[in-house]
Structures are given as structure tokens and as C-alpha cells.
Amino acid sequence: MSASSVPNAPGSGQATSSDSGGPPPPTDERLRLLLSHMNEAFLSLDSRGRVLDCNARAVSLLGVDAERLRGQAPWSAVPALAGRTLHERLLAALEAPRPTRFLASLPPRVWLEVSVIPVREELWVLATDITQREEAEALVEQTEKRFRLLGERFQVALDSAEMAVWETNLITGKVFRSEGHDRLYGYPEQLPEWTHEKFLAALHPEDRPEVEAQVTGIFSNDVKSYTSTFRTRWSDGSWHWLTSRARVLRDGEGRPMVVRGAILDITQLKETELALQEAVRVRDDFLSLASHELKTPLTGLSLQMQLLRRLEAENSSLPLESSKVRARLEAIDRSLRRLGLLVDNLLDVSRIRHGRLDFLFSTGDLSALVSEVVARTADEARLAGVSLISHVEPSLVGRFDRLRLEQVLMNLLSNALRHGGGNPVEVRLERTPKGARLVVRDEGPGIPEADRERIFARFEQVRGAARAGGLGLGLFIVRQIVEGHQGHVHVEPGPGGRGAAFVVELPL
């Protein structure tokens, strides 16, 4: 193919040569074969924009038959092109023929990179479909935009939570840290670099050994993650609490390669925790102090009661023999016992909080203890209009804390008298294969199943007015004492579903 025949070959002899003025040379078959197999679309236009020739790729992109396309302008054969970039740029090229390149689109979503080359009287148009490239670039741009937005939001979240992320490459020694990382260590501005030495220098002396052991430990074990909580000293001399959670990435042989993690300022949380601990300590100190202070006048009142009874026994002519005086003395005695029980419960709550509920075990007769407490409570039950019934199996001997089990029974009886609705209260003690079983049953409104476990918690009571009253400490103390004897206590419905039965099972 000669140089002079190439420019005219795409026109298939339809364009007039400006040099010879005669008919164009025959089409070069090799060029025709090339045009038919090339990926680019090819059009040759005359001076009025009419298609002189085209290849199969152009026909495919424009979606019209080659015969329909030839002899017409592309925007006439494909009206959807009218007014689009391709139409406007080709018209401009026809008016001022010169090589040019531009991007254009075909409906609905095809992107073309177009090259226009003037050749003699023709305008050759080569168009490459770059739709996938454009979509890929658009996707990349959209993804980058989304990641920038996510990064901005993530940074806002980190700043709001007083948190930062970091990563240390143990192979290269490079350290990445998010914006705000250095502020957690008291630096108002980001430092030029961050090193492990700076990290260690910022630690509280008491926290440094443990943190260093965790960091160096990743080289001698296969730990995949760890958490460190430590204090850091700021330039103003204040100490701040930080917690860092890290993951260790290892190679195929288990060697650590990268450590990355997140660090959070928990100073306010720690201060709140310390304040709560102090509040609990103050509360417990108050309970302990109040219990001891109340105990003092109670001891004096009890002593006065004993003296009054001794005077009555020694000299029956004294006015103490009056039934009215005696009744009042008995009422005072009952109130003192009830107040003493309340004070003991308050004092025990403080002791339990510190794990110091003391027991003094000795061998004794549990049957005699239960009978004694029931007899001592009989007058209180009679004045309350309650029938107190007891069934005590004799001679149940074992090792227990006498005063503590007396406290258990007094709490259960006080609970039954208060909530039994004036109905009979039954106390039953019997032997079991594993020890003894003590049951205190009332015929009050009972305890809903949902509350039967909760009422043994501290300061808890059955919801509703039916069982209101008290501090919610008695049953809590009961459970602590029973479990201190390796026993178990629970509540169940009474016979026929009436009332509540508190069951204490004790080894002997």
C-alpha cells in the first residue's frame, strides 16, 4: 500500500481527490481488513458531515445498519446524538479542520474517547469505548470520597470519645497514629514523631513495669491481643487514666509483625468510680457508726429493764406489781428487742460489705434454741392477735452459731407477724437425712413467684402495699447467715397455696 493511497482508502472512492481531480484509487484490502477488526469505531465524513465509510465497531456503537448510516450525518441517522457533545465537536471540526481529541457520550451510558483527523477532503473519526475505564474512575472517585467522609466522621467520633488509634510496624519501625493521639498524652499539638521511649516516659512509675511486661511479652508468647490500663503525666503535672486495647498480627512462623490498637481516655470514668467507692465507704462507715451509737442506749435501756424486774422480784410491794405498769414494761421490752434486731441487721450489712460477718460455732441443741425463741415471741404474737403454733422435734444437736441462728429465727418470725394479716403463724423444726429443716409459715397474701428470689437481696421487698414495711434487710441477713452455715434458704407457697413458707435447711 503506497503512501498516496492510504488517505483515500477509508472513503471507498466516494471522496474526490484534490490532487489528481480524477477518480480515487481502489480500496486497499489490507486497510479494509484492519478497519474491520480494530476495536475502535471508525467513520469517514465528507465536508458536509455525511458518512462516507464506517467499520463494524461504529455500526455496533451507533446501533444502526451500515447502509442506513452511509450518506447521512451520524446525528441524522441517530437522532439521539443531536445536540450532544459528539455532534457539537464534529461540527466544529468540519468548520475548522484540524486534529483534535475529546470525550463524548452515547446514550444511554457509553463513554467515548474521540480522535478527529482531517485527511484531504475527508474527516476521519476514531472513537474508543472507555465506558469501563470511566466507570472505574468514577467508582474510585466515589469510593475515595466516601472514605474521606468516613474518615472525617471517624475522626469526629474519635475526638468526641477522647479516643485515638495507632499502629506500630515492628519490621520497619514506622508508627502511625490518628489525629488527637498525642493530645491524650497531654501534647496540645501533634509531635513530629512518636516513639516507644516517649510512651514509656509518660507512664506512672507504678504502672510502667506491668505495661512494659505486656509489650515485651508479645515477643515471647503467642498472645493475639492485650489490654493495658495506665496513668500518664501531662505537662501541667496532672495524671490521666488511659486504656489501650491492642491486636498483634504475626507471620506464618508466629513472629509479631504489626501491633495496632485503640486508646481511650477513661479519666472521668475512673474519677466517677473512685467517687462511688468513696460514697460506698462513707455509707458503710455511717451504718457502722449509727449501729454502734444506737447500740449504746439500747444496752442501757435493757439494763434498766433488768433492774426493774429484779426490784419487782425482791419487793412485791413496789408499784411495779401493777398490771398496767407491767404491760408497759413488757411493751418496752418488745420494742427494745425489735429495735435491737434492726440495729443488728444494719451492723451486719456493713460487715458483709467488707466480708467480715463473724461466726462463733459451738455444739448445741437447735431444738432448745427454737423453742426458747418461740416462747420469747409468744407474748408479742398474743398482743398482735396472732396464734403462734410450733412443732419442734426434740434433741437436734449440731454445731452452729447460737446467736446467729437466733437472729435468723427472729427475723423470720418478725416478718411473719408483720405480714401474716393476723392469721396463725407456724414454726416447724424437723430432722432430715442431711441435718435439720426449719419452716416459718404465715397465712398472709403470699409472695409472687417472680419475687421469691429477689426478696433475699439487700433493701428489697415484695412490691405492693400488702407486704410493705421494714428496711428490706432481714431476709438478706437471713440468707447470709444460713449460707455461712453451709445451708440454704428459700420461700415457697404455704399449704393450699395460702401464705408463704420460709424454709431453712441446715447441716448439723
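## Rings, cores and strands

The charged end of arginine 479 sits over the ring of phenylalanine 456, 4.4 Å from the ring's centre. (A charge sits over a ring if NZ of Lys or CZ of Arg is within 6 Å of the ring centre and within 35 degrees of the ring normal.) This is a predicted model, where local features need pLDDT of at least 70 and side-chain atom pairs count only at pLDDT 80 or more, while totals for chains, interfaces and linings use all residues. Residues are numbered from 1 along each chain as its sequence is written, and side-chain values use heavy atoms, with hydrogens and water left out.

**Aromatic rings**

- Lysine 270 also has its charged end over a ring, that of tryptophan 241, 4.6 Å from the centre.
- How many aromatic pairs does the structure hold? There are seven. (Rings of Phe, Tyr and Trp, the last by its six-membered ring, pair if their centres lie within 6.5 Å; planes under 30 degrees apart count as stacked, over 60 as edge-to-face and the rest as tilted.)
- One of them joins phenylalanine 42 and tryptophan 124 edge-to-face, at 5.5 Å centre to centre and with 85 degrees between the planes.
- Phenylalanine 42 belongs to strand β1 (residues 41-45) and tryptophan 124 to strand β5 (residues 122-129), so this pair ties together parts that are 82 residues apart in sequence. (Helices, H or I with at least four residues, and strands, E with at least two, are DSSP runs numbered from the N terminus.)
- Phenylalanine 42 and tryptophan 124 are both buried. (Buried means under 20% relative accessible area, exposed over 50%, and partly exposed in between, with a 1.4 Å probe and protein chains only.)
- Phenylalanine 199 and phenylalanine 230 make another edge-to-face pair, 5.6 Å centre to centre with 80 degrees between the planes.
- Here the partners come from helix α7 (residues 196-201) for phenylalanine 199 and strand β8 (residues 225-233) for phenylalanine 230, so the pair ties together parts 31 residues apart in sequence.
- Phenylalanine 199 is buried at a relative accessible area of 12%, and phenylalanine 230 is buried at 1%.
- Tyr185, Tyr187, Trp194, Phe199 and Phe230 form one aromatic cluster.

**The five-stranded sheet**

- Five strands make an open sheet in the order β7-β6-β10-β9-β8, with antiparallel pairing. (Two strands pair if DSSP finds at least two bridges between them.)
- β7 (175-177) and β8 stand at the edges with a single partner strand each, so one side of each has no neighbour in the sheet.
- Strand β6 (residues 163-169) pairs with β7 over three antiparallel bridges, and threonine 168 has valine 175 in β7 as its bridge partner.
- Where does histidine 240 sit? Its place is in strand β9 (residues 239-250), and histidine 240 counts as buried at 15% relative accessibility.
- Histidine 240 and phenylalanine 230 are 10 residues apart along the chain, and their C-alpha atoms are separated by 8.3 Å.
- Leaving out residues up to four places away in sequence, histidine 240 touches Phe230, Arg231, Thr232, Trp234, Asp265 and Thr267. (Contact means heavy atoms within 4.5 Å.)

**Nonpolar cores**

- In soluble globular proteins, nonpolar side chains tend to be buried together.
- The largest nonpolar core has 39 residues, and Leu366 and Phe502 have the most contacts inside it. (Such a core is a set of buried Ala, Val, Leu, Ile, Met, Phe, Trp, Tyr and Cys residues joined through side-chain atoms within 4.5 Å.)
- The elements that give two or more residues to this core include α11 (366-383), α12 (402-419) and β17 (500-507).
- α12 gives the most to this core, with eight residues.

- β14 and β15 run antiparallel and are joined by seven bridges, with a hairpin linking them through two residues.
- Valine 427 stands opposite valine 440 in β15.
- β15 also pairs with β17, antiparallel, over eight bridges; aspartate 442 has alanine 500 in β17 as its bridge partner.
- In α13, the buried residues include Leu475, Phe476 and Arg479.
- Just after α13, glutamine 486 takes a positive phi of about 60 degrees.
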